[in-house]
Structure formats: structure tokens, C-alpha cells
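Here is a short report on one protein model. Look over the sequence and the structure first, then read on.

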Amino acid sequence: MSLCPPFAPFFGFAGVASAMVFSTIGAALGTSKSGIGIAGLGTFKPELIMKSLIPVVMSGIIAVYGLVVSVLIAGSLKHTEYSLFAGFTHLGAGVACGFTGLAAGYAIGFVGDSCVRAYVHESKVFVTMVLILIFAEVLGLYGLIVALIMNSKVSKSVCS
């Protein structure tokens, strides 16, 4: 059987879609959940809104991770000489980035919501919130790193 079947690029494109869709869903979850907390904070102390936007910005970065991985995978997709190994590797890279982005967005949303609501009552919570948000963001960064490593392992595969 040939190493380059005509359906092999399907798996590569599935990796592109997985990276983009799941990381964007994670970013949307984080933004919406944190935004609810920020809206609650704004009714009591509107002067704290700008400092409380950190979870929303960090959620947006999760979507950028998915965009970077999907652009890199799409750039290495070729109509000819695209092996099944490359397709499965790109699918794995996209799923790794997408699902870690989904988990990171979920974590950022819940931490952001809870900490922003606590920030209304106690200003010392701000530093703790930023630290926990960084740890949640790192989940998505790990997926980006794994996806980049997997993408770099797909070299010029020879089809026979």
C-alpha cells in the first residue's frame, strides 16, 4: 500500500480545524466566564474594571496559540507527497493544542470569575489572581509546545 494515499491530507486538515476550533472555544469560555465576573465587579467598583481585564486578555492569548499551530500545519500541507504519517502527526498536534487550549480557557474563566469577584472585597487578591492565571495559561502553552515539536518531526516523508 502506498504511504501517500489521497485521503492523507484530510487528517492534516482535521488537525488544523481541531487546533483552531477547540482553542477558540476555550478562549470564548474564559472570556465569557471572566466577563460575567467583571460585570459584577463593575456595579460595585467601576474603577477596578481595567485591572480586572487580565483574565479576558489571557483568554484571548489561548486563541492565538491555536491560530499559530493551525497556520503552521496548514503551511506544511501539500497536495502531493503528503504521507499518512504526516497526516496523523498533524492531527495529533492540532488535537494537543486544541484540547489544552480548551482546558486552559476553562481554567482561566473560572479563576478569573472567582478572583475578580473577590477583588471587590480585598485588593490583596490581585497578585494571587495573576499568579493562578499564569499557571492556567501555561496549560495552553504546553499544548503549543507539544504541537510545535510534533510539527517539527514531520520532515520530508518519502512516498513509495
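## Annotated spans

This is a predicted model. An unreviewed UniProt entry lists residues 7-29, 49-73, 85-108 and 128-150 under "transmembrane region". In the model, residues 85-108 are 100% helix and 0% strand, and the end C-alpha atoms lie 34 Å apart. Residues 128-150 are also 100% helix and 0% strand, with end C-alpha atoms 34 Å apart.

The unreviewed UniProt entry also carries the annotation "domain: V-ATPase proteolipid subunit C-like" for residues 15-73 and 91-150. The span 15-73 is 85% helix and 0% strand. Its end C-alpha atoms lie 8 Å apart. The span 91-150 is 95% helix and 0% strand. Here the end C-alpha atoms are 10 Å apart.

## Packing of H1 and H2

The axes of H1 and H2 come within 8 Å and cross at roughly 175 degrees. Angles over 145 degrees count as roughly antiparallel, so H1 and H2 are roughly antiparallel to each other.

Residues from both helices make this contact. On H1 they include Gly12, Gly15, Ala19, Ser23, Gly30 and Ser34. On H2 they include Pro55, Ser59, Ile62, Gly66, Val69 and Ala74.

## The nonpolar core

The largest nonpolar core has 33 residues. Those with the most contacts inside this core are Leu41, Ile62, Val69, Cys97, Ile108, Met129 and Leu133. Helix H1 (8-44), helix H2 (54-76), H3 and helix H4 (125-153) each supply at least two core residues. H3 gives the most, with 10 residues.

Take Leu133 as one example. Leaving aside neighbours within four places in sequence, Leu133 is in contact with Ile54, Pro55, Met58, Ile108, Val111 and Gly112. Ile108 is another of the core residues with the most contacts.

## Asp113

Asp113 is found in helix H3, which covers residues 84-121. Is Asp113 buried or exposed? Its relative accessible area is 8%. The cut-off for buried is under 20%, so Asp113 counts as buried.

What joins the side chains of Asp113 and Arg117? The link is a polar contact of 2.8 Å. Beyond neighbours within four places in sequence, Asp113 is in contact with Lys33, Ser34, Ile36 and Gly37. Ser34 also takes part in the contact between H1 and H2.

How values were computed:
Residues numbered from 1 in each chain as written. Predicted model: local features only at pLDDT ≥ 70, side-chain atom pairs only at ≥ 80, totals over all residues. Heavy atoms only, no water. Helix = DSSP H or I, 4+ residues; strand = E, 2+ residues; numbered from the N terminus. Buried < 20%, exposed > 50% of the residue type's maximum accessible area, 1.4 Å probe, protein only. Polar contact = N/O pair within 3.5 Å; in protein donor to acceptor, adjacent residues only side chain to side chain. Contact = heavy atoms within 4.5 Å. UniProt positions renumbered as here; feature names shortened; annotations may be inferred. Core = buried A, V, L, I, M, F, W, Y, C linked by side-chain atoms within 4.5 Å. Axes fitted to C-alpha atoms, helices over the stretch in contact; angles between N-to-C directions. Parallel < 35°, antiparallel > 145°, perpendicular 65-115°, else oblique.
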